[in-house]
Amino acid sequence: MIIAVIGAGNIGGTLGKKWAQSGHTLRFGVRNPNDAKYAGLRYVGEVTAIGEALDGTDIVLLSLPGGAVAEFAAQYGDRLAGKIVIDAANNVRSLEMHNLAVLKDKAPEAHLVRAFSNLGWENFENPRLGGVQIDLFYCCEAFARPAAEQLIGEIGLRPVYTGGLEAATTVDAITRLWFALAMGQGYGRRIAFKLLEED
Ligand SMILES: NC(=O)c1ccc[n+]([C@@H]2O[C@H](COP(=O)([O-])OP(=O)(O)OC[C@H]3O[C@@H](n4cnc5c(N)ncnc54)[C@H](OP(=O)(O)O)[C@@H]3O)[C@@H](O)[C@H]2O)c1
């Protein structure tokens, strides 16, 4: 698949590198493609302006600050029709952490996913803890589910589907739990969650 990663910092860089290793074509869309901090990513994929990165892509990962997603959606929403758009961005200081409403409004024909938002990026870089595979709780629209499961699996995580987009608040509650434990209670950023099931 051709994947546009919009915002190429901790999350975009980490996920993009792994997807490239899985054989996907990566395009990193950033405000200043010539910034020296993106030099390493040029070995992974193309580093371009945001609009250019979207051309001809199947998948779009939003890994920019949560507060920047509304502006992105307003500017590029009409170019997201038919694409699978993964919202990984968090509005960390707002009641609503995701940006699905504005994405639905500005890109009604995109297929939305809420994923990669509720664990620190270090857990995506190394998706095992104590020898156990980390679970990633996510939600999405039906059309996007097979691709979402594939892309989560390629990071090395086990996808746990929590429902359609109405489950986004549940997915984001896990983010709040992660923050409360990792930062508030001093467990540190290398913590994650596992769904245990009867054999
Ligand atoms: N860090 C984590 O562990 C983690 C985990 C889960 C989810 N998230 C979420 O993922 C998102 C990215 O986090 P991160 O840690 O990867 O951030 P980061 O390292 O600071 O990278 C952010 C990227 O977004 C770009 N950007 C910043 N403001 C922008 C704007 N107004 N328009 C377009 N691009 C802009 C930055 O490029 P410039 O050089 O142009 O500023 C940079 O490439 C955030 O919403 C965060 O809440 C983070």
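Two strands pair if DSSP finds at least two bridges between them. Helices (H or I, at least four residues) and strands (E, at least two) are taken as DSSP runs, numbered from the N terminus. The structure is a predicted model, in which local features need pLDDT of at least 70 and side-chain atom pairs count only at pLDDT 80 or more, while totals for chains, interfaces and linings use all residues. Residues are numbered from 1 along each chain as its sequence is written.

Strand β2 (residues 25–29) has partners in both β1 and β3. Arginine 27 of β2 has glutamate 46 as its bridge partner in β3, and three bridges join β2 to β3 (residues 46–48) in a parallel arrangement. Strand β1 (residues 2–6) is also parallel to β2, and five bridges join the two. One of the residues involved is valine 5, whose bridge partner in β2 is phenylalanine 28. A crossover is right-handed if, with the strands pointing away from the viewer, the path from the first strand over the helix to the second runs clockwise. Strand β2 is largely enclosed by the rest of the structure, because four of its five residues are buried.

Strands β4 and β5 run parallel and are joined by four bridges, with leucine 61 opposite isoleucine 86 in β5. Together with helix α3 (residues 69–76), β4 and β5 make a right-handed β-α-β unit. The chain then crosses from β5 through helix α4 (residues 100–106) to β6, and this β-α-β crossover is likewise right-handed. Strands β5 and β6 pair in the parallel sense over four bridges, and valine 85 has leucine 112 as its bridge partner in β6. By contrast, the pairing of β6 with β9 is antiparallel and comprises two bridges; here the bridge partner of arginine 114 is cysteine 139 in β9.

In a regular strand the side chains alternate between the two faces of the sheet. In β5 (residues 84–87), Ile84 and Ile86 lie on one side and Val85 and Asp87 on the other, and all are buried, so that both faces are covered. In β6, His111 and Val113 point one way and Leu112 and Arg114 the other way, and all of these are buried.

Two residues are in contact if their C-beta atoms, placed from the backbone, lie within 7 Å. Apart from neighbours within four places in sequence, isoleucine 6 is in contact with Gly29, Ile50, Ala53, Val60, Leu61, Leu62, Ser63, Leu64 and Phe72.

Isoleucine 152 belongs to helix α6 (residues 145–155) and counts as buried because 25 C-beta neighbours lie inside 10 Å. Beyond four places in sequence, the contacts of isoleucine 152 are Ala115, Leu136, Tyr138, Leu157 and Pro159. Isoleucine 152 and leucine 136 are 16 residues apart in sequence and 7.5 Å apart in space, C-alpha to C-alpha.

Phenylalanine 116, in the loop between β6 (111–114) and α5 (122–125), is buried because it has 27 other C-beta atoms within 10 Å. Phi of phenylalanine 116 is near 60°, a positive value in a residue other than glycine. Most residues other than glycine have a negative phi. Glycine 56, in the loop between α2 (50–54) and β4 (59–62), is exposed because it has 10 other C-beta atoms within 10 Å.

Around the ligand there are 22 residues, of which Gly7, Gly9, Ala68, Ala89 and Asn90 come nearest; a residue is near a molecule if its C-beta atom, placed from the backbone, lies within 6 Å of it. The shell has ten nonpolar, ten polar and two charged residues. In this classification, Ala, Val, Leu, Ile, Met, Phe, Trp, Tyr, Cys and Pro count as nonpolar, Asp, Glu, Lys and Arg as charged, and the others, Gly among them, as polar.

How values were computed: Buried ≥ 20, exposed ≤ 12 C-beta atoms within 10 Å, placed from the backbone.
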